[in-house]
Amino acid sequence: MEHLNYHHVAPSRAKGSKRQAIVGVVASGDLEVLVERTLPDTECEVNIRTAVEGFGDVWKAVVADFVERRSPGGLKLSVNDGGARPDMVALRLSQAARAVADQS
Amino acid sequence: MSAAWSWYEATARQRLLKLLDEGTFEEFIGPEQRETSPHLSLFDLPEQFDDGMIVGHGRLEGTRVLMAAQEGRFMGGAFGEIHGAKLTGLLRASREIGSIPVLILFDTGGVRLQEANAGEIAISEIMRALVDARLAGVPVVGLIGGRAGCYGGGGLIAGCCSALAVSEQGRISVSGPEVIETNRGVEEFDSKDRALVWRTMGGKHRRLIGGAEILVDDTMASFREAATRLIKRAPPLDAMTLEAEQSRLDQRLERFGRCEDARDIWASLGAADARSLPAMAYRDFVVLADRLEKPRHDAR
(Lines give C-alpha, C1' and ligand atoms only; values in the text may rest on other atoms or scores of the structure.)
Protein backbone atom coordinates (compact mmCIF):
# COMPACT_ATOMS: atom_id res chain seq x y z
CA MET A 1 0.00 0.00 0.00
CA GLU A 2 1.43 3.38 -0.97
CA HIS A 3 0.59 6.48 1.01
CA LEU A 4 0.88 9.80 -0.83
CA ASN A 5 0.30 13.23 0.60
CA TYR A 6 0.19 16.57 -1.24
CA HIS A 7 -0.16 20.07 0.16
CA HIS A 8 -1.05 22.99 -2.07
CA VAL A 9 -1.78 26.67 -1.74
CA ALA A 10 -5.06 27.41 -3.50
CA PRO A 11 -5.75 30.89 -4.93
CA SER A 12 -9.25 31.04 -3.43
CA ARG A 13 -11.70 29.34 -1.10
CA ALA A 14 -13.76 26.46 -2.54
CA LYS A 15 -17.35 27.46 -3.38
CA GLY A 16 -20.33 26.50 -1.24
CA SER A 17 -20.85 25.83 2.45
CA LYS A 18 -21.35 22.07 2.71
CA ARG A 19 -19.10 20.54 5.36
CA GLN A 20 -18.32 17.30 3.58
CA ALA A 21 -19.19 15.03 0.66
CA ILE A 22 -18.18 11.65 -0.65
CA VAL A 23 -18.06 10.44 -4.25
CA GLY A 24 -17.05 7.21 -5.97
CA VAL A 25 -16.55 3.65 -4.78
CA VAL A 26 -13.39 1.64 -4.09
CA ALA A 27 -13.97 -0.76 -6.97
CA SER A 28 -11.72 -2.03 -9.72
CA GLY A 29 -10.62 0.99 -11.78
CA ASP A 30 -12.48 3.39 -9.50
CA LEU A 31 -11.77 5.32 -6.29
CA GLU A 32 -13.59 7.11 -3.50
CA VAL A 33 -12.92 10.71 -2.56
CA LEU A 34 -14.00 12.03 0.84
CA VAL A 35 -13.87 15.80 0.83
CA GLU A 36 -14.00 17.77 4.08
CA ARG A 37 -13.99 21.54 4.55
CA THR A 38 -11.60 21.62 7.48
CA LEU A 39 -8.57 23.67 6.37
CA PRO A 40 -7.80 27.42 6.25
CA ASP A 41 -9.25 29.13 3.14
CA THR A 42 -6.15 28.98 0.95
CA GLU A 43 -4.88 25.53 1.82
CA CYS A 44 -5.62 22.24 0.14
CA GLU A 45 -4.47 18.80 1.15
CA VAL A 46 -4.84 15.55 -0.77
CA ASN A 47 -4.18 12.23 0.98
CA ILE A 48 -4.03 9.13 -1.17
CA ARG A 49 -3.90 5.46 -0.28
CA THR A 50 -3.38 3.16 -3.23
CA ALA A 51 -2.48 -0.50 -3.68
CA VAL A 52 -0.87 0.28 -7.05
CA GLU A 53 2.63 1.42 -6.12
CA GLY A 54 5.14 3.49 -8.06
CA PHE A 55 2.89 6.06 -9.75
CA GLY A 56 3.65 9.02 -7.46
CA ASP A 57 4.63 11.27 -10.37
CA VAL A 58 1.30 10.73 -12.11
CA TRP A 59 -0.68 11.35 -8.90
CA LYS A 60 1.34 14.52 -8.28
CA ALA A 61 0.57 15.85 -11.76
CA VAL A 62 -3.14 15.00 -11.57
CA VAL A 63 -3.49 16.63 -8.13
CA ALA A 64 -1.60 19.77 -9.23
CA ASP A 65 -3.86 20.06 -12.29
CA PHE A 66 -6.95 19.66 -10.08
CA VAL A 67 -5.83 22.42 -7.69
CA GLU A 68 -5.12 24.76 -10.60
CA ARG A 69 -8.49 24.13 -12.29
CA ARG A 70 -10.77 24.04 -9.22
CA SER A 71 -9.01 26.20 -6.63
CA PRO A 72 -10.18 23.92 -3.78
CA GLY A 73 -9.13 26.24 -0.91
CA GLY A 74 -10.07 24.93 2.54
CA LEU A 75 -10.64 21.37 1.37
CA LYS A 76 -9.02 18.20 2.62
CA LEU A 77 -9.48 15.36 0.14
CA SER A 78 -8.92 11.76 1.23
CA VAL A 79 -8.64 9.17 -1.51
CA ASN A 80 -8.96 5.38 -1.32
CA ASP A 81 -7.89 4.06 -4.70
CA GLY A 82 -8.94 0.82 -6.34
CA GLY A 83 -6.50 1.14 -9.24
CA ALA A 84 -8.15 3.99 -11.13
CA ARG A 85 -6.60 5.51 -14.26
CA PRO A 86 -5.52 9.16 -14.16
CA ASP A 87 -8.53 10.36 -16.17
CA MET A 88 -10.89 8.71 -13.68
CA VAL A 89 -8.96 10.26 -10.78
CA ALA A 90 -9.25 13.72 -12.33
CA LEU A 91 -13.01 13.27 -12.84
CA ARG A 92 -13.59 12.06 -9.27
CA LEU A 93 -11.58 14.92 -7.74
CA SER A 94 -13.61 17.44 -9.76
CA GLN A 95 -16.83 15.67 -8.81
CA ALA A 96 -15.86 15.86 -5.13
CA ALA A 97 -15.20 19.60 -5.38
CA ARG A 98 -18.59 20.06 -7.06
CA ALA A 99 -20.38 17.85 -4.51
CA VAL A 100 -19.09 19.91 -1.57
CA ALA A 101 -20.09 23.15 -3.34
CA ASP A 102 -23.78 22.09 -3.53
CA GLN A 103 -25.92 23.73 -0.88
CA SER A 104 -27.50 21.40 1.65
CA MET B 1 -31.01 11.56 -10.83
CA SER B 2 -34.38 10.50 -12.16
CA ALA B 3 -36.85 8.02 -10.65
CA ALA B 4 -36.37 5.88 -13.76
CA TRP B 5 -32.70 5.38 -12.90
CA SER B 6 -31.47 1.82 -12.80
CA TRP B 7 -31.14 0.38 -9.28
CA TYR B 8 -28.67 -2.17 -10.63
CA GLU B 9 -26.32 0.50 -11.98
CA ALA B 10 -26.59 2.86 -8.98
CA THR B 11 -24.21 2.96 -6.01
CA ALA B 12 -25.45 2.15 -2.51
CA ARG B 13 -25.53 5.87 -1.65
CA GLN B 14 -27.51 6.75 -4.76
CA ARG B 15 -30.03 4.00 -3.94
CA LEU B 16 -30.50 5.26 -0.37
CA LEU B 17 -30.95 8.86 -1.40
CA LYS B 18 -33.38 8.05 -4.19
CA LEU B 19 -35.39 5.60 -2.12
CA LEU B 20 -36.02 8.06 0.72
CA ASP B 21 -37.95 11.32 0.71
CA GLU B 22 -35.61 14.01 -0.54
CA GLY B 23 -33.26 15.48 2.03
CA THR B 24 -34.33 13.18 4.88
CA PHE B 25 -31.38 10.77 5.04
CA GLU B 26 -29.04 11.04 8.01
CA GLU B 27 -26.13 8.67 8.30
CA PHE B 28 -24.83 6.93 11.44
CA ILE B 29 -21.05 6.43 11.62
CA GLY B 30 -20.47 8.29 8.35
CA PRO B 31 -17.35 8.01 6.19
CA GLU B 32 -15.75 10.99 7.97
CA GLN B 33 -15.42 8.79 11.07
CA ARG B 34 -13.20 6.44 9.06
CA GLU B 35 -14.40 3.27 10.77
CA THR B 36 -12.60 1.07 8.25
CA SER B 37 -11.78 -2.62 8.31
CA PRO B 38 -8.93 -3.55 10.67
CA HIS B 39 -8.11 -6.57 8.48
CA LEU B 40 -7.74 -5.41 4.89
CA SER B 41 -4.43 -3.58 5.34
CA LEU B 42 -2.84 -6.89 6.42
CA PHE B 43 -3.58 -8.12 2.91
CA ASP B 44 -2.41 -4.87 1.31
CA LEU B 45 -5.96 -4.20 0.13
CA PRO B 46 -7.54 -0.74 -0.08
CA GLU B 47 -10.16 0.20 2.50
CA GLN B 48 -13.38 2.11 2.02
CA PHE B 49 -14.30 4.78 4.57
CA ASP B 50 -17.75 3.27 5.22
CA ASP B 51 -16.48 -0.34 4.84
CA GLY B 52 -19.12 -0.88 2.15
CA MET B 53 -22.04 -0.56 4.59
CA ILE B 54 -24.05 2.63 4.97
CA VAL B 55 -26.48 2.85 7.88
CA GLY B 56 -28.79 5.65 8.90
CA HIS B 57 -32.38 6.83 9.08
CA GLY B 58 -34.77 8.85 6.99
CA ARG B 59 -38.36 9.03 5.82
CA LEU B 60 -40.18 6.94 3.23
CA GLU B 61 -43.45 8.55 2.12
CA GLY B 62 -43.34 10.37 5.44
CA THR B 63 -42.80 7.23 7.55
CA ARG B 64 -39.62 7.08 9.60
CA VAL B 65 -37.37 4.17 8.60
CA LEU B 66 -33.97 2.84 9.56
CA MET B 67 -31.83 1.91 6.59
CA ALA B 68 -28.79 -0.14 5.70
CA ALA B 69 -27.26 -0.36 2.24
CA GLN B 70 -24.39 -2.51 1.00
CA GLU B 71 -22.05 -1.27 -1.72
CA GLY B 72 -21.82 -4.27 -4.02
CA ARG B 73 -18.87 -2.91 -5.98
CA PHE B 74 -16.59 -2.67 -2.92
CA MET B 75 -15.25 -6.20 -2.26
CA GLY B 76 -18.42 -7.61 -3.83
CA GLY B 77 -20.48 -6.13 -1.00
CA ALA B 78 -19.04 -8.81 1.27
CA PHE B 79 -19.53 -8.88 5.04
CA GLY B 80 -16.53 -8.12 7.25
CA GLU B 81 -16.22 -7.17 10.88
CA ILE B 82 -17.10 -3.46 10.68
CA HIS B 83 -19.49 -3.88 7.75
CA GLY B 84 -21.45 -6.45 9.75
CA ALA B 85 -21.26 -4.62 13.09
CA LYS B 86 -22.94 -1.56 11.55
CA LEU B 87 -25.95 -3.64 10.51
CA THR B 88 -26.04 -5.49 13.85
CA GLY B 89 -26.06 -2.15 15.67
CA LEU B 90 -28.84 -0.79 13.48
CA LEU B 91 -31.01 -3.87 14.08
CA ARG B 92 -30.39 -3.79 17.84
CA ALA B 93 -31.37 -0.11 17.89
CA SER B 94 -34.54 -0.96 15.98
CA ARG B 95 -35.41 -3.59 18.58
CA GLU B 96 -34.95 -1.03 21.38
CA ILE B 97 -37.16 1.49 19.60
CA GLY B 98 -39.62 -1.24 18.64
CA SER B 99 -41.71 0.60 16.07
CA ILE B 100 -39.53 1.98 13.26
CA PRO B 101 -39.28 -0.38 10.24
CA VAL B 102 -35.88 -1.36 8.87
CA LEU B 103 -34.97 -1.54 5.19
CA ILE B 104 -31.90 -3.56 4.16
CA LEU B 105 -30.60 -2.89 0.64
CA PHE B 106 -28.68 -6.12 0.02
CA ASP B 107 -25.88 -6.29 -2.55
CA THR B 108 -23.48 -9.01 -1.45
CA GLY B 109 -21.55 -12.10 -2.40
CA GLY B 110 -21.46 -13.25 1.24
CA VAL B 111 -18.60 -13.17 3.72
CA ARG B 112 -15.34 -11.39 2.93
CA LEU B 113 -12.67 -14.10 2.65
CA GLN B 114 -9.97 -11.84 4.14
CA GLU B 115 -11.89 -11.57 7.41
CA ALA B 116 -13.75 -14.85 7.25
CA ASN B 117 -14.15 -15.63 10.96
CA ALA B 118 -15.20 -12.08 11.85
CA GLY B 119 -17.52 -12.06 8.85
CA GLU B 120 -19.18 -15.38 9.72
CA ILE B 121 -19.70 -14.21 13.31
CA ALA B 122 -21.16 -10.97 11.94
CA ILE B 123 -23.69 -12.96 9.88
CA SER B 124 -24.90 -14.88 12.93
CA GLU B 125 -25.02 -11.72 15.05
CA ILE B 126 -27.08 -9.98 12.36
CA MET B 127 -29.49 -12.92 12.11
CA ARG B 128 -29.95 -12.92 15.88
CA ALA B 129 -30.47 -9.15 15.97
CA LEU B 130 -32.90 -9.34 13.05
CA VAL B 131 -35.00 -12.06 14.67
CA ASP B 132 -34.99 -10.13 17.98
CA ALA B 133 -36.15 -6.99 16.15
CA ARG B 134 -38.95 -8.91 14.44
CA LEU B 135 -40.01 -10.46 17.75
CA ALA B 136 -40.28 -6.91 19.11
CA GLY B 137 -42.69 -6.16 16.25
CA VAL B 138 -40.30 -4.36 13.89
CA PRO B 139 -40.84 -5.02 10.16
CA VAL B 140 -37.52 -5.76 8.44
CA VAL B 141 -37.78 -5.58 4.65
CA GLY B 142 -35.03 -6.61 2.22
CA LEU B 143 -34.55 -5.02 -1.21
CA ILE B 144 -32.45 -6.93 -3.73
CA GLY B 145 -31.43 -5.83 -7.20
CA GLY B 146 -27.71 -5.13 -7.21
CA ARG B 147 -24.77 -6.34 -9.22
CA ALA B 148 -23.60 -8.80 -6.56
CA GLY B 149 -27.09 -10.19 -5.91
CA CYS B 150 -27.67 -11.59 -2.41
CA TYR B 151 -25.54 -14.64 -1.71
CA GLY B 152 -23.89 -16.56 1.10
CA GLY B 153 -24.70 -15.20 4.55
CA GLY B 154 -26.60 -12.40 2.81
CA GLY B 155 -29.03 -15.03 1.52
CA LEU B 156 -29.46 -16.35 5.07
CA ILE B 157 -30.16 -12.86 6.45
CA ALA B 158 -32.61 -12.20 3.61
CA GLY B 159 -34.39 -15.43 4.56
CA CYS B 160 -34.96 -14.01 8.07
CA CYS B 161 -36.60 -10.80 6.79
CA SER B 162 -40.32 -10.06 7.10
CA ALA B 163 -40.58 -9.61 3.33
CA LEU B 164 -38.41 -9.25 0.24
CA ALA B 165 -38.64 -7.31 -3.00
CA VAL B 166 -36.34 -8.39 -5.81
CA SER B 167 -35.75 -7.23 -9.36
CA GLU B 168 -35.13 -9.55 -12.27
CA GLN B 169 -31.44 -8.61 -12.10
CA GLY B 170 -31.23 -9.41 -8.40
CA ARG B 171 -30.39 -12.98 -7.45
CA ILE B 172 -31.03 -14.68 -4.11
CA SER B 173 -29.27 -17.84 -3.00
CA VAL B 174 -26.82 -19.13 -0.42
CA SER B 175 -24.21 -20.99 -2.46
CA GLY B 176 -23.39 -19.05 -5.62
CA PRO B 177 -23.08 -20.59 -9.08
CA GLU B 178 -19.28 -20.96 -8.94
CA VAL B 179 -19.41 -22.47 -5.44
CA ILE B 180 -21.92 -25.12 -6.52
CA GLU B 181 -19.92 -25.96 -9.62
CA THR B 182 -16.66 -26.21 -7.64
CA ASN B 183 -18.19 -28.53 -5.05
CA ARG B 184 -20.56 -30.65 -7.13
CA GLY B 185 -19.21 -30.49 -10.67
CA VAL B 186 -20.31 -28.84 -13.88
CA GLU B 187 -23.01 -31.48 -14.46
CA GLU B 188 -24.71 -30.28 -11.27
CA PHE B 189 -24.52 -26.60 -12.13
CA ASP B 190 -22.76 -24.88 -15.03
CA SER B 191 -21.88 -21.45 -13.62
CA LYS B 192 -21.01 -20.14 -17.10
CA ASP B 193 -24.55 -20.76 -18.28
CA ARG B 194 -25.91 -17.32 -17.42
CA ALA B 195 -29.46 -18.23 -18.47
CA LEU B 196 -29.37 -21.16 -16.02
CA VAL B 197 -28.05 -18.90 -13.22
CA TRP B 198 -30.80 -16.34 -13.75
CA ARG B 199 -33.66 -18.79 -14.10
CA THR B 200 -32.53 -20.65 -10.97
CA MET B 201 -31.63 -17.73 -8.69
CA GLY B 202 -33.02 -14.63 -10.42
CA GLY B 203 -35.89 -12.42 -9.28
CA LYS B 204 -38.60 -13.84 -11.54
CA HIS B 205 -38.09 -17.39 -10.29
CA ARG B 206 -37.83 -16.28 -6.66
CA ARG B 207 -41.13 -14.46 -7.01
CA LEU B 208 -42.85 -17.50 -8.54
CA ILE B 209 -41.71 -19.97 -5.86
CA GLY B 210 -42.40 -17.57 -3.00
CA GLY B 211 -38.78 -16.65 -2.22
CA ALA B 212 -39.73 -12.98 -2.58
CA GLU B 213 -43.08 -11.21 -2.14
CA ILE B 214 -42.71 -8.64 -4.90
CA LEU B 215 -40.90 -8.56 -8.22
CA VAL B 216 -39.91 -4.98 -8.90
CA ASP B 217 -38.78 -3.27 -12.07
CA ASP B 218 -35.15 -2.14 -12.15
CA THR B 219 -36.01 1.47 -11.31
CA MET B 220 -35.72 3.62 -8.19
CA ALA B 221 -39.47 4.35 -8.36
CA SER B 222 -40.42 0.67 -8.46
CA PHE B 223 -38.21 -0.18 -5.45
CA ARG B 224 -39.61 2.79 -3.55
CA GLU B 225 -43.16 1.71 -4.18
CA ALA B 226 -42.42 -1.90 -3.15
CA ALA B 227 -40.64 -0.81 0.05
CA THR B 228 -43.58 1.42 1.00
CA ARG B 229 -46.02 -1.44 0.47
CA LEU B 230 -44.00 -4.11 2.28
CA ILE B 231 -43.30 -2.18 5.49
CA LYS B 232 -47.07 -1.78 5.90
CA ARG B 233 -47.98 -5.46 5.58
CA ALA B 234 -45.08 -7.27 7.26
CA PRO B 235 -46.30 -10.37 9.11
CA PRO B 236 -45.53 -10.59 12.84
CA LEU B 237 -42.96 -13.19 13.86
CA ASP B 238 -45.01 -15.56 16.01
CA ALA B 239 -45.92 -19.24 16.18
CA MET B 240 -48.74 -18.85 13.64
CA THR B 241 -46.46 -17.25 11.07
CA LEU B 242 -43.81 -19.92 11.56
CA GLU B 243 -46.40 -22.66 11.15
CA ALA B 244 -47.72 -21.01 8.01
CA GLU B 245 -44.17 -20.78 6.69
CA GLN B 246 -43.52 -24.44 7.47
CA SER B 247 -46.65 -25.54 5.67
CA ARG B 248 -45.82 -23.30 2.73
CA LEU B 249 -42.39 -24.92 2.42
CA ASP B 250 -43.88 -28.43 2.79
CA GLN B 251 -46.32 -27.70 0.00
CA ARG B 252 -43.55 -26.31 -2.17
CA LEU B 253 -41.46 -29.42 -1.74
CA GLU B 254 -44.44 -31.62 -2.48
CA ARG B 255 -45.38 -29.70 -5.62
CA PHE B 256 -41.94 -29.10 -7.09
CA GLY B 257 -39.60 -31.55 -5.38
CA ARG B 258 -39.19 -33.67 -8.49
CA CYS B 259 -38.59 -30.79 -10.91
CA GLU B 260 -35.15 -30.83 -12.57
CA ASP B 261 -35.18 -27.23 -13.78
CA ALA B 262 -36.91 -23.96 -12.96
CA ARG B 263 -38.79 -24.27 -16.25
CA ASP B 264 -40.40 -27.50 -15.01
CA ILE B 265 -41.65 -25.59 -11.97
CA TRP B 266 -43.10 -22.81 -14.11
CA ALA B 267 -44.79 -25.36 -16.35
CA SER B 268 -46.30 -27.17 -13.36
CA LEU B 269 -47.54 -23.81 -12.05
CA GLY B 270 -49.47 -23.57 -15.30
CA ALA B 271 -47.32 -21.29 -17.47
CA ALA B 272 -48.37 -22.11 -21.04
CA ASP B 273 -44.96 -21.35 -22.50
CA ALA B 274 -42.41 -21.69 -19.69
CA ARG B 275 -39.50 -21.02 -22.05
CA SER B 276 -40.79 -17.50 -22.75
CA LEU B 277 -40.66 -16.35 -19.09
CA PRO B 278 -37.03 -15.16 -18.90
CA ALA B 279 -37.45 -12.81 -21.88
CA MET B 280 -40.88 -11.56 -20.83
CA ALA B 281 -41.23 -7.81 -20.17
CA TYR B 282 -41.67 -6.75 -16.53
CA ARG B 283 -45.33 -5.70 -16.74
CA ASP B 284 -46.42 -8.80 -18.65
CA PHE B 285 -44.57 -11.02 -16.20
CA VAL B 286 -46.17 -9.38 -13.15
CA VAL B 287 -49.64 -10.00 -14.59
CA LEU B 288 -48.77 -13.63 -15.36
CA ALA B 289 -47.13 -14.20 -11.96
CA ASP B 290 -50.17 -12.88 -10.10
CA ARG B 291 -52.32 -15.30 -12.10
CA LEU B 292 -50.00 -18.31 -11.56
CA GLU B 293 -49.11 -17.83 -7.91
CA LYS B 294 -50.44 -15.08 -5.67
CA PRO B 295 -47.86 -13.95 -3.12
CA ARG B 296 -48.65 -15.10 0.43
CA HIS B 297 -48.32 -12.60 3.23
CA ASP B 298 -49.14 -14.90 6.13
CA ALA B 299 -45.76 -16.64 6.17
CA ARG B 300 -42.01 -15.95 6.78
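At what angle do helix H3 (residues 116-135) and helix H4 (residues 153-160) of chain B pack? About 5 degrees, with the axes 10 Å apart. Axes here are lines fitted to C-alpha atoms, for helices over the stretch in contact, and angles run from 0 to 180 degrees between N-to-C directions.

Some ground rules before going on. This is a predicted model, where local features need pLDDT of at least 70, side-chain atom pairs count only at pLDDT 80 or more, and totals for chains, interfaces and linings use all residues. Residues are numbered from 1 along each chain as its sequence is written, while chains are lettered from A and ligands numbered from 1 in the order in which they are written. Helices (H or I, at least four residues) and strands (E, at least two) are DSSP runs, numbered from the N terminus.

**Chain B**

On the H3(B) side, the contact is made by Ile123(B), Ile126(B), Met127(B), Leu130(B) and Val131(B); H4(B) brings Gly153(B), Leu156(B), Ile157(B) and Cys160(B). Being in contact takes C-beta atoms, placed from the backbone, within 7 Å. The residues split into eight nonpolar, one polar and no charged. Nonpolar covers Ala, Val, Leu, Ile, Met, Phe, Trp, Tyr, Cys and Pro; charged covers Asp, Glu, Lys and Arg; the others, Gly among them, are polar.

H3(B) also holds Gly119(B). With 22 C-beta neighbours inside 10 Å, Gly119(B) counts as buried (20 or more other C-beta atoms within 10 Å; exposed is 12 or fewer, partly exposed in between). Leaving aside residues up to four places away in sequence, Gly119(B) touches several residues, including Phe79(B), Glu81(B) and Arg112(B).

Chain B also has an open, mixed sheet of seven strands in the order E1-E2-E3-E4-E5-E6-E7. Strand E1 (26-28) and strand E7 (214-216) of chain B are at the edges with a single partner strand each, so one side of each lacks a neighbour in the sheet. From one strand to the next, the twist averages 25 degrees.

**Chain A**

Read along the sequence, chain A goes β-β-β-β-α-β-α. Buried residues make up 39% of the 104 residues in chain A.

The five strands of chain A's open, mixed sheet run in the order E1-E4-E5-E3-E2. Pairing requires at least two bridges found by DSSP. Here are two strand pairs, one from each chain:

| Strand pair | Sense | Bridges | A bridge partner pair |
|---|---|---|---|
| E2(B) (residues 53-60) and E3(B) (residues 63-70) | antiparallel | eight bridges | Val55(B) and Ala68(B) |
| E3(A) (residues 31-37) and E5(A) (residues 75-81) | antiparallel | seven bridges | Glu36(A) and Lys76(A) |

Helix H2 (residues 86-101) of chain A lies across E2, E3 and E5 of chain A, at about 35 degrees to E3(A).

**Where the chains meet**

The contact between the chains uses 15 residues from chain A and 13 residues from chain B. On the chain B side, those are five nonpolar, three polar and five charged.

Key: Contact = placed C-beta atoms within 7 Å.
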